[in-house]
Amino acid sequence: MAIGLRADVLRPTDSERAARVTYVELFFDLVFVFGLTQLGAYLYENQTLLGALEGAIMVCALWWAWVSTTWVTNWLDPVRVPVRVAVIALAFVAFVMSAAIAEAFGDRAWTFALAYIVLKLGRAAFMVWATARHDRQVAHDFGNVLAWALAGSALWIVGALLPLPAQLPFWAAALGLELVGSVLGYPVPGRGRMEIGRWDVSGAHIAERTALFVLIALGEGLLVTGFAFVAEESSTERVIAVVTAFVAAAACWWIYFDHGERIGSEAIEAAEAPGRVARTAYSWVHLLIVGGIVLLGVGDKEVLGHPHEQSVAAVVTVLGGPLLFLGGTVLFRRVLERRWMRAQLAGIAGILVVAVATPWLDPLGTGSLAALVLVATAVGESVERMRRRAPKGG
């Protein structure tokens, strides 16, 4: 007896809906504004090595939750009612997970772990059910994903049961298992593994969805910085700090959207293995970009709150965001264009020079110089694009 959803809810390949980003997908993204805000607040309040490791676990979990759902809606048509209901249900679970971030390594460890487990198991199970009658290969592949998700869930549960010193390595192992599964193609004995190279993905959809998430992350950073500014009395230092934060965010937007964003869909569509290119460029490399933007907001808040109190934690926070962002964008362009972008490499070198000079700087000076490096990188990006006569984005 055949099982699975009777209605065919796969995205149509012969209409304008093939690559369209739908409003329910944007609704799903709004949940992650809350998640990113919670994550930024946690990192700001826990500027220690342990806090950094915990923050890395949560940003990876948050990103994997979002990007994996994006892959699902790349196959399924969110206009169809069953898919729309599933996306909204997943958004609620992501909302619960986001609400638990502040105490994920404390009293709400169970809430965070269970929400993440429900999200990934529900997503994979729905994909199998939705495609079983209409694309058996996709259903088979996500059956493998479901098997790996079940194995990883055990690590999340065990970690939530244990006290903090043991919780962190178990959750790190759970995320590592997901990464290994993605690299290997989720092999299962007797079922083989998925061949991601043969996946027929919509490059335009994945590129636009991810670009919108980058935009949301930048907006969330400005939101947090703005709230931090209005919560304190105005001063010359704080005015300089908030202007610097805006300039840095605008420069990041320019670096990402001037040219790099628009070539993503073209590179995927032209690739012999589009699924593999999309996975590397968007599932993996974009974690650095988004993590850098989150840390950029934390650094802006640090400069606003303590403009003259230099410390190792402040240096890492203020310069870590630009460094991660530039490192992510240079790898992104490397994957798509098979070349190293000189502007981003020069920007990374500039941030490292600022890092060397931090013993003679305060957070305000460090943040201001980092923003200038980002602006110079944005200018270099445009100059290089114009020299190559490549089309502009934005």
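Two rings of Phe, Tyr or Trp count as a pair if their centres lie within 6.5 Å. By that criterion, ring pairs join W253, W254, Y256, F257, Y282 and F332 into a cluster in this predicted model. A search of the whole structure gives 20 aromatic pairs.

One of these is formed by W75 and F142, with 5.4 Å from centre to centre and 90° between the planes, an edge-to-face arrangement. W75 and F142 are both buried.

A second pair to look at is that of F112 and W171, which is stacked, at 5.6 Å centre to centre and 25° between the planes. F112 sits in helix α4 (residues 109-131) and W171 in helix α6 (residues 164-184), so this pair ties together parts of the chain 59 residues apart in sequence. F112 and W171 are buried as well.

Helix α5 spans residues 136-161 and also holds N144. The relative accessible area of N144 is 0%, and the residue therefore counts as buried, the limit being under 20%. Which residues is N144 in contact with, leaving aside its neighbours within four places in sequence? They are Y186, V188, R191, G192, R193 and M194. T111, in turn, is 33 residues from N144 in sequence, and the C-alpha atoms of T111 and N144 are 26 Å apart in space.

Key. Residues numbered from 1 in each chain as written. Predicted model: local features only at pLDDT ≥ 70, side-chain atom pairs only at ≥ 80, totals over all residues. Heavy atoms only, no water. Helix = DSSP H or I, 4+ residues; strand = E, 2+ residues; numbered from the N terminus. Buried < 20%, exposed > 50% of the residue type's maximum accessible area, 1.4 Å probe, protein only. Contact = heavy atoms within 4.5 Å. Phe/Tyr/Trp six-rings, centres within 6.5 Å; stacked < 30°, edge-to-face > 60°.
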